[in-house]
Amino acid sequence: MAEGTHSFPSDFVWGTATASYQIEGAWDQDGKGLSIWDVFTHDASLMQDKGASGDVACDSYNKYPEDIALMKDLGVSSYRMSLAWPRIIPDPISGEVNEKGVAFYNRVIDALLDAGIEPSVTLYHWDLPLVLEEKVGGWASEDIIPYFLKYADVCFDRFGDRVKFWITFNEPDIFIDHGYVLDWHAPGRADFKDIGPYPVSFNVVRAHGKAYRLYDEKYRPTQKGRIGITLNCDWSQPKDPSNPADVEARLRYFQIKIGLFTNPIFVNGDYPEELKERISSRSEPGKSRLPTFTEEEKAYLKGSSDFFGLNYYTTRLVASKPMEDTPGYLGDKSYEGQTDPSWPRAVSNWLYSVPWGLRKLLGTIKNDFGDPDIYITENGFTTQPGVLHDPDRIQYLREHLTELSKAINEDKCRVRGYYLWSLIDNFEWHQGYKERFGIYSIDFSDPARPRTPKDSVAFYRQVVQSGKV
Ligand code: GBH
């Protein structure tokens with residue numbers, strides 16, 4: 001296929017994405033409090049890349065003007081960033097605002113706007129104040145909700161005159177799974193291994209819904225912005241579409257992965273019926289492991305996102321794996337996610353390139369969730385540290401953007417923007433610095449953290465500036 005034949009709307013938002021803990025560094029500077037990731041990395045027992053941390057990361061706390069200059073040069077119109085809660089409210093129990101933390105984000109936001117770049121701001125990209133984990137019980141306790149609302153209120157109040165695009169949570173599906181069901185991510189508890197993620201997601205989705213209503217009622221009339229949620233979702237393809245067991249397994253996969261959020265928020269304020277029945281029938285009588293929403297909760301949850309934020313990386317072939325006799329979460333799932341040997345692979349062992357999966361997923365979001373405005377809030381590919389020639393990343397991006405263009409132009413999916421993950425190499429959670437997502441390379445052994453363009457920079461610049469792929 002010839003280049004430059006797949007087009008995007010002229011008002012399409014092109015951006016790049018990062019997150020506070022992954023890039024900022026300055027972990028104990030200017031009054032910042034500790035986050036669960038500070039202790040998770042310093043302890044190192046559960047880290048795959050031992051000794052790696054976000055203590056310095058890309059040093060974007062100090063080098064943000066350079067990052068903004070890179071984006072200006074790319075020509076992107078928006079930057080997806082996140083705020084570090086412990087920088088803004090170091091001790092949420094006392095509730096005091098750290099003015100130096102607020103001043104830092106004011107500098108970043110003002111510099112972005114000066115460069116003609118709109119900030120898209122995520123409130124929670126996983127760096128929970130440690131105090132809330134230790135004294136309140138983290139997201140496993142509903143007592144955390146008022147603290148999140150207080151934080152959201154401070155952010156809307158201090159930054160909302162200039163920030164017009166808010167994301168409450170980044171990938172609650174992932175931080176709950178990796179941090180509470182498994183011990184891969186902070187807080188590394190895994191105490192929901194048998195019960196399943198349900199009680200935790202119940203707290204997070206209600207925190208989201210209440211933050212949405214707070215913005216909607218108190219701030220939107222004057223600030224006139226938009227607010228929503230970002231979910232991570234692999235496309236799930238039945239392994240054998242002619243086998244009804246695989247088709248059902250695929251639906252279970254989709255509902256367990258993101259239905260705990262999409263159904264309350266985009267459908268009817270409640271969990272999917274199939275899931276309610278399945279989990280209650282596999283729980284002790286009268287005590288479903290899946291909590292129940294009150295009518296009041298359903299009412300504030302329904303419609304509580306102005307757009308669908310989608311992080312798409314990869315696809316799985318879902319096969320039924322009957323495990324009905326296994327108690328708890330594992331038996332709820334009774335599926336297996338598989339891959340195809342023909343799919344190109346990244347450095348990350350979970351990341352296979354399946355561009356058609358993106359188009360299928362977008363079609364499903366359009367049909368199942370009321371044809372929402374969609375923003376691809378992350379999409380990207382890993383290469384080895386130090387690699388500057390990255391044809392495999394370019395191919396991944398080109399093919400995914402081609403499918404995205406078809407989803408917009410042919411399938412009429414209302415995709416309004418695309419944020420490439422990531423602008424710069426950064427701290428990839430438990431994998432540390434072993435896998436690199438940036439289109440700019442960073443040498444983490446150099447205290448100056450120099451940024452060097454990979455070949456994909458020229459590719460993305462051309463896409464952004466021509467609006468074609
Ligand atoms: C997103 O997670 C995050 O929002 C972002 O912060 C992150 O940097 C980016 O994508 C890339 O991962 O290696 O088998 O232990 C996407 C979801 C989270 C799914 C990490 C895979 C690791 C699985 N991914 N997870 S494994």
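Biologist: Which residues line the second largest cavity?

Modeller: Rolling a probe the size of a water molecule over the atoms shows where empty space is left. On a 1 Å grid over the protein atoms alone, a cavity is a set of points where a 1.4 Å probe fits but cannot get out, and lining residues have an atom within 4 Å of a point. Here the second largest cavity is lined by Ser20, Tyr21, Glu24, Gly25, Trp27, Lys32, Gly54, Ala84, Arg87 and Asp127. This is a predicted model, in which local features need pLDDT of at least 70 and side-chain atom pairs count only at pLDDT 80 or more, whereas totals for chains, interfaces and linings use all residues. Residues are numbered from 1 along each chain as its sequence is written, and side-chain values use heavy atoms, with hydrogens and water left out.

Biologist: What volume does the second largest cavity have, and what classes of residue form its lining?

Modeller: Its volume is about 50 Å³, where a volume is the space filled by probe spheres set on the points, and grid points are joined across faces, edges and corners. The lining has 3 nonpolar, 3 polar and 4 charged residues, with Ala, Val, Leu, Ile, Met, Phe, Trp, Tyr, Cys and Pro counted as nonpolar, Asp, Glu, Lys and Arg as charged, and the others, Gly among them, as polar.

Biologist: How many cavities of 30 Å³ or more are there, and which residues lie nearest the centre of the largest?

Modeller: The count comes to 3 cavities of 30 Å³ or more. The largest cavity, with a volume of about 110 Å³, is lined by 15 residues, of which Ile23, Glu24, Tyr79, Met81 and Val108 lie nearest its centre. By class, that lining has 9 nonpolar, 4 polar and 2 charged residues, and its largest share, 4 residues, comes from α3.

Note on methods. 1 Å grid on protein atoms, 1.4 Å probe; cavity = no way out; pocket = protein on both sides within 12 Å on 5 of 7 lines; lining within 4 Å. Helix = DSSP H or I, 4+ residues; strand = E, 2+ residues; numbered from the N terminus.
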